[in-house]
Amino acid sequence: MSKIDDQRLIRSLHEGRSEEFSEVVRSHYQAIFRFLVHLSRDIHRAEDLVQETFGTAWERIASFQGRSSMETWLHRIAYTKFIDGLRTKQRATKFLESMLASESSGTDPFQLVLADDEARNLYRALDELNPANRTLLVLHYLQGLSYREIALVLNEPNGTIKWRMAEALKCLRPLVGREVSDHATRRTS
Amino acid sequence: MQPEEQVDFDGFPESLERRLRNLPKLSVPNDLEARLLSAIPCADLISIPNSMRTSRLSRTLMSAGFAAACLVMVLLLPKLEDLVSMLLVAVRPGQSGSDHNRLVERSDDTLQIDTGFQDPRLIMSVETQSFTWPIHQKSPLMVSSKIPDDLLD
């Protein structure tokens with residue numbers, strides 16, 4: 001959704017046309033759900049969190065001034081919800097464990113990823129990163145947010161985000177290489 | 001001739017960044033949208049309060065104006081009370097109570113004086129006081145006034 005569309009939506013919502021909020025949900029729920037799946041590594045938890053995210057967005061839509069994009073704002077809420085959830089309940093489920101344990105049904109979000117070896121390796125490498133680095137890479141490369149938008153979501157300076165992004169890529173690189181060599185060994189044996 | 005693909009040091013023809021960008025997107029449960037939309041409250045039940053629609057600047061200006069008005073009232077209140085008491089003293093004894101109030105109200109529209117809110121002691125002193133017109137009122141003793149000789153040692 002473009003900035004102009006965002007502004008139009010915000011104006012409509014501030015004028016009291018609350019039915020416009022369903023358009024916000026339709027436009028952004030998929031991206032927010034995927035982001036939360038990557039953060040929580042738990043599909044069911046992500047579903048709960050996405051509902052909480054849009055619930056909070058609905059409550060606070062009157063105070064949203066449009067200084068950031070709607071997408072950034074929703075990511076910020078989702079990230080805060082996830083962190084709040086972590087504080088109250090620590091979940092140590094491994095991402096790939098949940099991926100591999102999940103049944104292959106039409107609604108399984110990991111089905112497509114599991115069918116692709118390279119994607120599987122990348123996801124496995126991402127899973128081995130620390131949560132802070134993984135969040136950064138997911139926000140930038142998978143969610144498509146700019147450095148400036150990530151800085152708003154994570155509430156950190158722009159320069160810090162750039163530096164941390166480079167560090168996260170450095171950490172990911174050897175993990176991807178190892179996964180590839182492991183995979184090649186398995187194939188030849 | 002096709003351009004040579006950049007080979008990453010981990011052995012992949014694509015860079016790591018490009019591969020991350022090209023990762024297949026996770027599918028989303030089919031019923032999630034319906035669940036989210038059903039959770040939105042009915043449009044008729046929700047209205048954004050008017051107070052939230054006003055801008056931050058206007059709210060600040062209103063607050064500043066209110067504070068200034070309160071300050072002016074606090075500063076002027078003692079002077080207004082003095083004026084009221086002087087006017088009450090100046091009323092002729094033959095005048096009725098309603099005329100008395102009207103006179104005070106005419107003298108200062110901003111006061112909006114109501115007899116019910118006046119100090120009863122002040123009213124009593126006005127009623128019992130006797131004097132003849134014109135009034136020869138002595139000026140109150142001021143700090144700058146000269147002290148009479150009989151008061152000095």
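Predicted model: local features only at pLDDT ≥ 70, side-chain atom pairs only at ≥ 80, totals over all residues.
## Burial and the model

A residue is taken as buried when 20 or more other C-beta atoms lie within 10 Å of its own, and as exposed when that number is 12 or fewer.

Chain A holds 10 helices and zero strands, and its elements, read along the sequence, follow the pattern α-α-α-α-α-α-α-α-α-α. Of its 189 residues, 34% are buried. Among the contacts in chain A that join residues at least 6 apart in sequence, 67% are between residues at least 24 apart.

Chain B has six helices and zero strands, arranged along the sequence as α-α-α-α-α-α. Buried residues come to 4% of its 153 residues, and 34% of its contacts with a separation of 6 or more are made by residues 24 or more positions apart.

## Two loop residues with positive phi

Most residues other than glycine have a negative phi. Arg41(A), although not a glycine, has a positive phi of about 60°, and its position is in the loop that joins α2 to α3 (43-60) in chain A. Because 21 C-beta neighbours lie inside 10 Å of Arg41(A), this residue counts as buried.

Asn155(A) is likewise a residue other than glycine with a positive phi of about 60°, and it is placed in the loop between α9 (147-154) and α10 (158-188) of chain A. Its surroundings give another result, because Asn155(A) has 9 C-beta neighbours inside 10 Å and therefore counts as exposed.

Leu9(A) belongs to helix α1 of chain A, which runs over residues 3-14, and it counts as buried because 21 C-beta neighbours are found inside 10 Å. When neighbours within four places in sequence are left aside, the contacts of Leu9(A) are with Glu20(A), Glu23(A), Val24(A) and Met70(A). Phe21(A), which is 12 residues away from Leu9(A) in sequence, has its C-alpha 7.9 Å from that of Leu9(A).

## Helix α3 of chain A

Helix α3(A) has 18 residues, which should span 26 Å at 1.5 Å a residue, and the distance of 26 Å between its end C-alpha atoms agrees with this. Its buried residues are Ile43(A), Ala46(A), Glu47(A), Leu49(A), Val50(A), Thr53(A), Phe54(A) and Ala57(A).

## Where chain A meets helix α2 of chain B

The crossing is right-handed. On the side of chain A, the residues of α2(A) that take part are Ser22(A), Val25(A), Arg26(A), Tyr29(A) and Phe33(A), and they meet Leu32(B), Glu33(B), Leu36(B) and Leu37(B) of α2(B).

Helix α3(A) also approaches α2(B), with axes that come within 10 Å and cross at roughly 35°, and this crossing is again right-handed. Here Glu47(A), Gln51(A), Phe54(A) and Gly55(A) of α3(A) meet Leu32(B), Arg35(B), Leu36(B) and Ala39(B) of α2(B).

Helix α7 of chain A, made up of the 12 residues 117-128, reaches 17 Å from its first C-alpha to its last, which is close to the 16 Å expected at 1.5 Å a residue. Within α7(A), the residues Leu122(A), Tyr123(A), Ala125(A) and Leu126(A) are buried. These residues lie on the same side of α7(A), because they cover an arc of only 160° around the axis. An α-helix has 3.6 residues a turn, so residues three or four places apart point the same way.

In helix α8 of chain A, which covers residues 131-142, the buried residues are Arg134(A), Thr135(A), Leu136(A), Leu137(A), Val138(A), Leu139(A), His140(A) and Tyr141(A). Just after α8(A) comes Gly144(A), whose phi is positive at about 80°.

Key:
Residues numbered from 1 in each chain as written. Chains lettered and ligands numbered in written order. Helix = DSSP H or I, 4+ residues; strand = E, 2+ residues; numbered from the N terminus. Contact = placed C-beta atoms within 7 Å. Expected span 1.5 Å × (residues − 1). Arc of directions from axis to C-beta. Left-handed = near helix turned anticlockwise from the far one by under 90°. Axes fitted to C-alpha atoms, helices over the stretch in contact; angles between N-to-C directions.
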